[in-house]
Amino acid sequence: MKIGFIGLGIMGEAMCYNILKKHDDQVFIYDIEPKQVEKVAGYGGIPCENSKEVAQKSDMIITVVPRSQNSMDVYSQIRDVVDDTKVCVDMSTIDPDVSLEIRDMLAQKGCTFLDAPVVKSQEAAWLGDVGIYVGGPRDVYDQVKPVLKYMGRSIIHMGDHGKGLIMKICHNALVAQIQNGVNETLALARINGIDLDKYSAAISYGVGQNYYYDSKQIALMNRDYTTQFSVENMAKDLDICHRMIQSQNIEMPGLEVSRDIYKEALEKGMGPVDYCSTVELTLSRSRVEDES
């Protein structure tokens, strides 16, 4: 099976690397940034001039792009060269209703389609350990699962088209609210003279222990906001969740609190840095001085 990979950014580069390392056939690649194409070609990818060329040469086309419009643009470009011999898997995190539009557009050409967004960080992507939530026909999922396993060890079929994306949005909305709880209680502890080391130890003794804090504890301690998952990407996912609940007349007050924090972070130019940097906003609001 020849694989095409479109989108070689923070996550896409690492995910494609694992395919190149583990797959025994050709992998065709494209990104709008020529330097990224050149870089991934160094891992063994075969560069293409555009998305259409990737799709023409591939049996399975994987896309990892930033936003709904990017996904729609890519699939609009390739729809004339796909048919019932090809499978498309969009691993981007986009609006579920846009994903359904893409599915319908490809169905007109006989091409099957899955939504398969990923969770975890860039580090996990390099290790081939992302989580993958898949929406679409079970038989198609079974067909492509061996390729998905190149990129992740935790893969779950969530149901029909769109269900993978809905679960991804639920996941990230939950992470943002857990994160806000960590940020607020960390600020409260510091105001009252409890340092980060003792906060960390004490949290681990009870049911407040959580994966977000465990994975970000060292970064928070060192105020190291090197990007694993950016503020702008989390803000985008929270906005998708906001649109979903508005259309379904659902209230999620905790989501809106987190969303306001991310709006502020974007206004302060924090978009490109890691999402754990939002702790700085909470500490600033709480008037916590730098620890000596």
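A cavity, in the sense used on this tour, is a set of grid points where a 1.4 Å probe fits but cannot get out, and its lining residues are those with an atom within 4 Å of such a point. The model open in your viewer is a predicted one, and the search for cavities of 30 Å³ or more comes to a count of 1.

**First stop: the cavity**

Begin by selecting Ala176, Gln179, Asn180, Asn183, Ser258, Ile261, Tyr262 and Thr278, which together line the largest cavity, a space with a volume of about 40 Å³. If you then colour the helices, you will find that α8 (163-191) and α12 (253-267) each supply at least two residues of this lining, and that α8 gives the most, with 4 residues.

**Second stop: Thr93**

Next, select Thr93, whose place is in the loop between β5 (87-90) and α5 (96-107). Is Thr93 buried or exposed? Thr93 has a relative accessible area of 7%, and it therefore counts as buried, since the cut-off for that word is under 20%.

Now display the side chains of Thr93 and Lys168, which are joined by a polar contact of 2.6 Å.

Technical notes: Residues are numbered from 1 along each chain as its sequence is written. This is a predicted model: local features need pLDDT of at least 70, side-chain atom pairs count only at pLDDT 80 or more; totals for chains, interfaces and linings use all residues. Side-chain values use heavy atoms; hydrogens and water are left out. On a 1 Å grid over the protein atoms alone, a cavity is a set of points where a 1.4 Å probe fits but cannot get out, and a pocket is an open set with protein on both sides within 12 Å along at least five of seven lines; lining residues have an atom within 4 Å of a point. Grid points are joined across faces, edges and corners, and a volume is the space filled by probe spheres set on the points. Buried means under 20% relative accessible area, exposed over 50%, partly exposed in between (1.4 Å probe, protein chains only). A polar contact is a pair of N or O atoms within 3.5 Å; within protein, one must be able to donate a hydrogen and the other to accept it, and residues adjacent in sequence count only if both atoms are side-chain atoms.
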